[in-house]
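Visitor: Please take me through one part of this model closely. I would like to hear about the place where its pieces come together, and what is held there.

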Amino acid sequence: MTNLKASTGPQFARIMAVGSATPSRVIPNEFLLQYIDSSDEWITQRTGIKERRWIAEDENITTLSLDAARSAIERSGIAADQIDAVILSTISHYHQTPALAPQLATELGIPDAAAYDISAACAGFSYGLAQAESLVRSGQARHVLLIAGETISEITDLTDRGTAFLFGDGAGAVIVGPSETNGIGPVVWGSDGSQAGAIWQTRGWQEAVAEGTWPKLGMDGRAVFKWATGFIAQAAKKCLDEAGITADELDVFIPHQANDRITDTLLRYLKLPENVVVARTIRQLGNNSAATIPMAMDALLTSGEAKSGQTALIIGFGAGLVYAGQVIILP
Ligand code: ACO
């Protein structure tokens, strides 16, 4: 039998740098009251959200993704031609084909990179991180640029009382590369397609064309809330177990920013010590789907609330239903 060579790589990988981009339009809760019967007080109490950012006319998923990626590349100190793969996680890019990642790679001056999009909604960053880590450790890519870019405002139904206030736009990006010590713990991930109807695109392409309507995001908020505070809490605990650490060893907690009350429930379940820094970017940015975790990571590091080298638990969950999380060392 022919002996084929297998690729081999470094023992460990880590996140070398993070960058993010927020669009310029600030949308306070009051703005939405022209479309839905609600109040600033209700939205704040039920979700924590005070405002979110939406794209202006000169901004789109490409500009946000490029800005976040440029910032991550610059901070990593590596040259663009040392990146072998570009992964974009998104559910809001207009084109099912071609993927946006190849265009981003070309625009960023990354020659001949493997480039593709993935769709894992609000778990998309952790799904992509698991892939990036495996690509580096298997030697199939020296460095991976992982971007999570979303313009959910464009698929938000402003007249839907259950979702209009939840979503924002933005992008986050990381460079994953080789490391002397482990910087990315084992991923805990999975899916439950029987709950595909819990968060869904309200129309498939055929229906949208037939009806001449634009697809929007629909959600059974109560079902997702129940799943997130039950099953996802257990998955978050499993991330710690798989990484071989206890809650006491954690410095930072960055859950997907879906609802402050979901975050509070996860905190109680995990019994995290009071000194653990907890991401609460939902208050100013809303839910940016795949982008919430890298955007929150960048915000905490930039503000100094979190520090490079600290241990953080990240976990994302959303449409699919899908979830994924891991323990990481902050860049
Ligand atoms: N303004 C004011 N009142 C409202 C509104 C509103 N916008 N919407 C509902 N209400 C009322 C309801 O009529 C109801 O009133 P009643 O008690 O008199 O019947 C009451 O508020 C409670 O309604 P619920 O639907 O039970 O509201 P809930 O507390 O569940 O909050 C929310 C809704 C915020 C959407 C919550 O369910 C949630 O956060 N769910 C999870 C969302 C999530 O995690 N999404 C994840 C991923 S998204 C992705 O993957 C892209």
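**Where the domains meet**

Guide: The C-alpha centres of domain 1 and domain 2 are 14 Å apart. The model is predicted, so local features need pLDDT of at least 70 and side-chain atom pairs count only at pLDDT 80 or more, while totals for chains, interfaces and linings use all residues. Residues are numbered from 1 along each chain as its sequence is written, and side-chain values use heavy atoms, with hydrogens and water left out.

Domain 1 covers 12–179 and domain 2 covers 188–329; such bounds come from an automatic or database domain assignment. Domain 1 brings 48 residues to the contact and domain 2 brings 42 residues, where contact means heavy atoms within 4.5 Å. About 3500 Å² is buried between domain 1 and domain 2, with 63% of that from carbon and sulfur atoms. Buried area is the accessible area (1.4 Å probe) that two parts lose on being put together, summed over both. On the domain 1 side, Cys122, Ser126 and Tyr127 give 17% of the area buried against domain 2, more than any other three residues.

Now for the ligand. The shell around the ligand takes at least three residues from each of domain 1 and domain 2. In total, 25 residues surround the ligand, counted when one of their heavy atoms lies within 4 Å of it. By type, the shell has 13 nonpolar residues, seven polar and five charged. Here Ala, Val, Leu, Ile, Met, Phe, Trp, Tyr, Cys and Pro count as nonpolar, Asp, Glu, Lys and Arg as charged, and the others, Gly among them, as polar.

The side chain of Arg222 has an N or O atom 2.6 Å from an oxygen atom of the ligand. For Asn259, a polar side-chain atom is 2.7 Å from a ligand oxygen atom. Ala319 uses a polar backbone atom, 3.1 Å from an oxygen atom of the ligand.

Helices (H or I, at least four residues) and strands (E, at least two) are DSSP runs, numbered from the N terminus. H7 gives the largest share, four residues.

Technical notes. Polar contact = N/O pair within 3.5 Å; in protein donor to acceptor, adjacent residues only side chain to side chain.
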